[in-house]
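Subject: Structure for you to look at

Hi,

Here is the structure I promised to pass on. Have a look at it first, and my notes follow below.

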Amino acid sequence: MGRIDGWLRGLAIGVLLWQVPQSHAWTLEEAAKPYKGVTLRTIGESLPPLEAMKAMAPEFTKRTGIKVEIEMYEHSEAVNKVMLDLNSKRARYDFILQPHRELGKFVANKHLQAIDRFLDDPKLRDPSFDPAKVLYPGLWKEISWYQGKVYGFPFTALTMYAWYRADLLNDPKERAGFKAKYGYELQPARDWKQYRDLAEWFTRPDQGFYGTALQGKRHEALWYEWINFLYSFGGDVLDVKAGSECGPVIVNSPEAIESLEYYKSLVKFSPPDTLNYFWDDVMALMQQGKVFELIMWNDATYAVAEDKEASTVAGKMAFDLVPQGNGGKVGQVEGWSYLVPASAKNQAAAYLFIQWMMAGQRTPRCLCRQGSPEARLCQGVDADQRSGQAEGHAAAVGRDDRHPRARDLHVPGGSEDRQGRARHVGEGHLQAPGQVRAAQVSGQVTDAWERHCGR
Amino acid sequence: MTASAAWRRVAWAILAAAVVIAVTPYLWLLLTSFKTRVDILSPQPAWRFAPTWANYPAVFIGKEYLPLLWNSLSIAGCSTLLSLAIGAPAAYVFARERFPGREDLFFFFLTTRMAPPISIAVPLFLFFTATGMIDTLYAVIIAHTSFNLSLVVWMMRGFFADIPREIDEAAQMDGRSRLGAFVGVVLPLAAPGLAATAVLCFILSWNEFLYAFLLAAFEGRPLTVGIPGLVTPHGTLWGQVAAVAVVATLPIVVFAMLVQRHLVRGLTFGAVKA
Amino acid sequence: MRPVSARGRLLFDRGTAWFLLAPAAVLVVIFLVGPFYYMTWTAFTDLSFANPDQHGSFIGFDNFRRLMRDDDIFWSSFGRTLRFVVASVGLEFVLGFALALLIHRSVRSTRILLTLLLIPMMLAPVAVGLLWKLLLQGDFGMVAYYLRSVGLLGRDAAIFSNPDLVMPAIVAIDVWQWTPFVTLVVLAGLMSLPREPFEAATMDGAGPWRQFFDVLLPLMRPIIALVLLLRGIDAFKEFDKVFILTGGGPGTVSELLSIYAYRVNFKNWDIGYGAAVAFMVYLVVVVLCSVFYKAVYWKRSGDRVAA
């Protein structure tokens, strides 16, 4: 008896010993058990990354029994829907995908759940998921953190860089003509003077061809384009280190005004309709082969440089950093984040899904090819992709702490105040060149910024 | 005789020009819906091109916009019926009864059209959220019904006023109740007016954007709310926008064609006597 | 003329009348008046969805003071909106009236003609905005191309980037969209006019111009009023087309009141101030309309309306 007892005990201990580490090994299926049957609902901008998420979600549902419903709206529709949802506390969404600029507003109004709570929870946290390793730290800190707290993970990583027509840059006739006129080689611009020289050289209205095209419409696009110039010229809106900080309003500094004057000077090398363009129009122009150079978003790269169906200049594009001004090398950090509303009903399940999206190497190839608007480096994509290199280069600059980053303001407050800037840029165009008054942001707008910063 | 013939020719020329101006943009939309992106963006207008059918399935199947058509139909159909069912009796009272403050009340109905929708939208959103009706088709239907009511009351009042009072009275003498006289005798007589009003209500509700965007759930959103989703930072999907717009106008054109005769006669009835 | 006795008599008892009126009244009170009063109350608070310290406390007339004194954008968009309403409704009225007269005189069967003419007003405003962007876009716009080729538009001119052309273009698009509506309603009116006054005028030897001004216009007065009022109200609220076409730009040259209100409410989330803006818009429209309404309808004596 005793022997059998001992044997049994031994077996039991053995089984226990064998099982204990097993029960501690984290699996998604195990972690998701309590949330089986839950339906998560989210909302975002109707673009390929979200379509990709929709395509991937069934796999998550298969493993966990958690369903995912995805609502896809136009950019401002997605933002407005969320804003109303959060303010009415109806808690329709379990997690949301929102652009950088909204973050401060959400946090200050206590609409968001900080996610350190989930990261620290051994039941939820996948031990193999180390965000600091897979994400660009600069990007993550800028777009998903606010005043030292983490609220989510990047969903898309956006930046802007300079696009050139490679075929024209390499054209011997153009090269000779350009050198004769400007005294240096035809090449991607090192600084803003060269950028304007290029624009001037290639502006040939009689052939319907223009040096560049500005996104001058009264629209968010204008703001995002102009801040490349602003930061590169060494200016800023607020005198701060990160977008979540408040500081003295310096948007009327000499550097800022100079950048606006320069920006305005490019109007004459742009098509006549340039004050009604936003991101869509300049992209269409480039696809039609009507423009030599642009400063444009990384996630439009595929449609212009690769997609032969939609673009007449596929395979003819070259990319480089935005030209350097007194502000040095500048890259823009922008992107949408996964965020969890404080009022959300299924926060833990939402976290599991977000973590699942962030962890494995789940980015579909097609997405990487779209100019990789991904928060992580796309691996396994054709290494010789020119767009991929430019993206990596611009992103590296934008996300490296050593370089100044062009970034959106995201202190609380309305985006109309931010757009107020865009409006002034637009009005600046209408004034005679050299009129500095138009480049000054009015007191009304600076007051609003100061108000939002609590002064 | 010759002068009148010449006049006739001029008149027809002007009318033809008007039709061309009215229709050409729509025709262009129709053509655009069968074009590839390269043809759409062609600097010289492409009147002849190799047509593609891809835009229609791309948006209605690929982007799952087909249910939106059904949502549009349910919202516009229900709210039109509801506005008529609620507005016509009220209009009848305004046409037949005299009571103190009638004109003020009537004018008050009109003023409800005058508030900017953007200001009413946020409170309405909060109200429907509080009552739990948000994200249902009912919320949109009710919202559309309330802003269409003023139109119904205004137009139908004129139609009823045009029907001689003696007809009501005769019907009542024949032993019908007062309500029975309204429903059984007056309402059928006002049918052309109802048709005309219905078309206008339908068009307004079908094309409305803001309330539908704020109050409907994602699954319940109508076509108008879906259209901006085709304008993306990766380019406006012009072919698909055109396909949606073409399909979206068809029901109205058909509806308007069907009641066309009534439309003109109906407006005749109402407006002059309003 | 009806017997006097019928006139004063109630056709319904009070209960039935209220029964018929009540649903409409209830609906309007709950879904329009309610929100409207909420909005009016909000206009006296500092409510903001964006700013954490503004929870909607009562601030008296501060919003209105800011509106009256400091808000130059409000006032400039106000003037712009008035000009837009006058220009577009005026043009629509003249053109629509002329077309209706022409159709009335020279077309027997209006079925196909009217359906074709009505197409512009059947398109959703969102679609109209995008359609005209497609037509007038400087680089691939079909209409812009032909305007250039006949020399109406310079090669280097672009409609929506030129501050002098933006508003006229928007007015033109509005005219394109809504003239058919005016034609439809006026035509309906023309078809219902009695013949006798015209015959009498012809007997008196009045020429076509005299007939038009002395007989036709007075008879058409209620319908003219109806059209102007409906179109005026809607033009004042114009939003979708302009928002899609220009977003109010370049600069602020096409910023209408409704676009400004949208920016305050949905971009800045400054709900209290936005309510004040909306309230002012409402007030102006109501005052203008009631003056107009009284002038046209009530002056013509109550029994016309009572009919």
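In chain A, buried residues make up 54% of the 455 residues; a residue counts as buried if 20 or more other C-beta atoms, placed from the backbone, lie within 10 Å of its own, as exposed if 12 or fewer do, and as partly exposed in between. Please keep in mind that this is a predicted model, where local features need pLDDT of at least 70 and side-chain atom pairs count only at pLDDT 80 or more, while totals for chains, interfaces and linings use all residues. Residues are numbered from 1 along each chain as its sequence is written, with chains lettered from A and ligands numbered from 1 in the order in which they are written.

Chain A has 20 helices and 12 strands. These are DSSP runs numbered from the N terminus, with at least four residues (H or I) for a helix and at least two (E) for a strand. Of the chain A contacts with a separation of 6 or more, 78% are between residues 24 or more positions apart; a contact here means C-beta atoms, placed from the backbone, within 7 Å.

Now to a sheet in chain A. It is open, with three strands in the order 3-11-6 and antiparallel pairing, where two strands pair if DSSP finds at least two bridges between them. Strand 3 (96-99) and strand 6 (152-154) of chain A are at the edges with a single partner strand each, so one side of each has no neighbour in the sheet. From one strand to the next, the twist averages 30 degrees. Strand 6 of chain A is joined by three bridges to strand 11 (residues 336-339) of chain A, and Pro154(A) has Ser337(A) as its bridge partner in strand 11 of chain A.

What about the two chains together? On the chain A side, 24 residues are in contact with 20 residues of chain B. Strand 2 (67-73), helix 4 (75-88) and helix 14 (279-287) of chain A are the elements that give two or more residues to that side. Helix 14 of chain A gives the most, with five residues. By class, the side of chain A that touches chain B has 11 nonpolar, six polar and seven charged residues; Ala, Val, Leu, Ile, Met, Phe, Trp, Tyr, Cys and Pro count as nonpolar, Asp, Glu, Lys and Arg as charged, and the others, Gly among them, as polar.

Technical notes. Axes are lines fitted to C-alpha atoms, for helices over the stretch in contact, and angles run from 0 to 180 degrees between N-to-C directions. Two residues are in contact if their C-beta atoms, placed from the backbone, lie within 7 Å.
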